[in-house]
Amino acid sequence: MESHIRSIALVDCNNFYVSCERVFRPDLLNKPVIVLSNNDGCAVSRSNEAKALGVKMGVPVFQIRELVKQHGIAVFSSNYVLYADMSNRVMTILQQFSPIHEIYSIDESFLDLTGFADINDRAKLIRQKVFQDTSIPVCVGIGCTKTLAKLANFVAKRHPRSNGVFNFNRLSHSQMNSVLSNIPVEEIWGIGRRLTASLNQIGIDYVIQLRDAEISSMRQRFGVVMEKTIRELRGECCIEFEDVAPAKKQIINSRSFGRPVTEIEDLQDALTHFVSNAARKLRDQNSITAMLQVFVQTDRFRTDRQQYCPSVTIPLITPTADTMQLQHWALAGLKSIFKAGIHYKKAGVILSEICNESHFQGDLFSSTNEKVELMKTLDALNTRYGKGTVKLSQDGSRHSWKMRQESKSPEYTTNWDELPICV
């Protein structure tokens, strides 16, 4: 019977950033570990031992310094190069278990297991294979819709008897009701804090209450996305697999600085770097942009300093994905909003009004083809030899704005100079 039911699995890496650090630091197994956000600001990944000590997600590290010292919590800066490489290894393994596979995030992937003989045995094999080949622990949640698969994964992580695998399709109707009546509504895929508060106000606190809510009134109050969520909770597939991720309609590249920046030259250097990253993403999806926005911000927590958070939007006469042209307009925008004497904490660029490059009719007499070929050559070289191998002269040449990473681990898998050595 199970093989005839739609069986969608969500495979989620456990405490992914922490797990990546532990792969190369086995001495940290069963010990409290946290990984910090950009500029070593807040805890964004926590081991179960750290959670048990009361470390909350997103807590600023300066607020828990005494707790870190008291319990010897290992603290790491984010090592995105390492995490991306470990993610690629996990996703490559998962592709072996289903012809229908969708990467949802750096540590999550949907698999369609419909039709396989024993779904639970296959899910257990997935966990075993990923851990054997990467040392990354994962949990597998299974349901007949993506929303139920996400909830099943939530149960798999928290129910000791599940051993990391939980399958809603194996439950009776009464068992299903019992489980859903104990899961807070905020754990549903796509239900954020504000929506949770709104649902709580009308007496919907648990998943089963939302599943059984009247669809037409909920759609009228919250929109069509809410209707899809309710239908998915009832076992009706409304969110299908995407073989190819849809092109982004907006691309943002920004960063908080490691220290306050006051000089326009440092801001210019940072912005050209951000534009370069954003333009590469634009070209990767074969798109062009017709709108560029530049913004800078001060530190809102420093009330003793002048606050200033301007932005400027620049419509582009000719849509483009040319890094040099976008950098030119970004720097012009920065000059129009820059004020001397201000301590800037963050800057960034936003590309919008994005469309496929094939949908735009260019100027017959323009000489953009040479620039297009130049950008393709730049991308090809960086793809072959590594990101940043070839770049424009002003792209990240100054380092005063770089983010703080005082506790960053080596790039064990991607840097020859930082490969782990057994002694």
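**Close-up views of a predicted model**

**View 1. The second largest pocket of the predicted model has a volume of about 1,500 Å³.** A pocket here is an open set of points, on a 1 Å grid over the protein atoms alone, where a 1.4 Å probe fits, with protein on both sides within 12 Å along at least five of seven lines. The volume is the space filled by probe spheres set on the points, which are joined across faces, edges and corners. This is a predicted model, in which local features need pLDDT of at least 70, side-chain atom pairs count only at pLDDT 80 or more, and totals for chains, interfaces and linings use all residues. Residues are numbered from 1 along each chain as its sequence is written, and side-chain values use heavy atoms, with hydrogens and water left out.

**View 2. The lining of the second largest pocket comprises 48 residues.** Lining residues have an atom within 4 Å of a point. Nearest the centre of this pocket lie C13, N14, N15, K51 and K157. At least two lining residues each come from β1 (8–13), α1 (16–23), β3 (43–46), α2 (48–52), α5 (119–134) and α6 (146–158); α6 gives the most, with seven residues. Helices (H or I, at least four residues) and strands (E, at least two) are DSSP runs, numbered from the N terminus. By class, the lining holds 20 nonpolar, 14 polar and 14 charged residues. Ala, Val, Leu, Ile, Met, Phe, Trp, Tyr, Cys and Pro count as nonpolar, Asp, Glu, Lys and Arg as charged, and the others, Gly among them, as polar.

**View 3. T229 belongs to helix α11 (residues 224–233).** With a relative accessible area of 10%, T229 is buried, a term that means under 20% relative accessible area (1.4 Å probe, protein chains only). Apart from its neighbours within four places in sequence, T229 is in contact with I188 and L210; contact means heavy atoms within 4.5 Å.

**View 4. Q268 lies in helix α12 (residues 264–284).** Q268 also counts as buried, at 14% relative accessibility.

View 5. Of its 423 residues, 45% count as buried. Along the principal axes, the C-alpha trace spans about 65 × 55 × 45 Å. Among contacts with a separation of 6 or more, 68% are between residues 24 or more positions apart.

Note on methods: Buried < 20%, exposed > 50% of the residue type's maximum accessible area, 1.4 Å probe, protein only.
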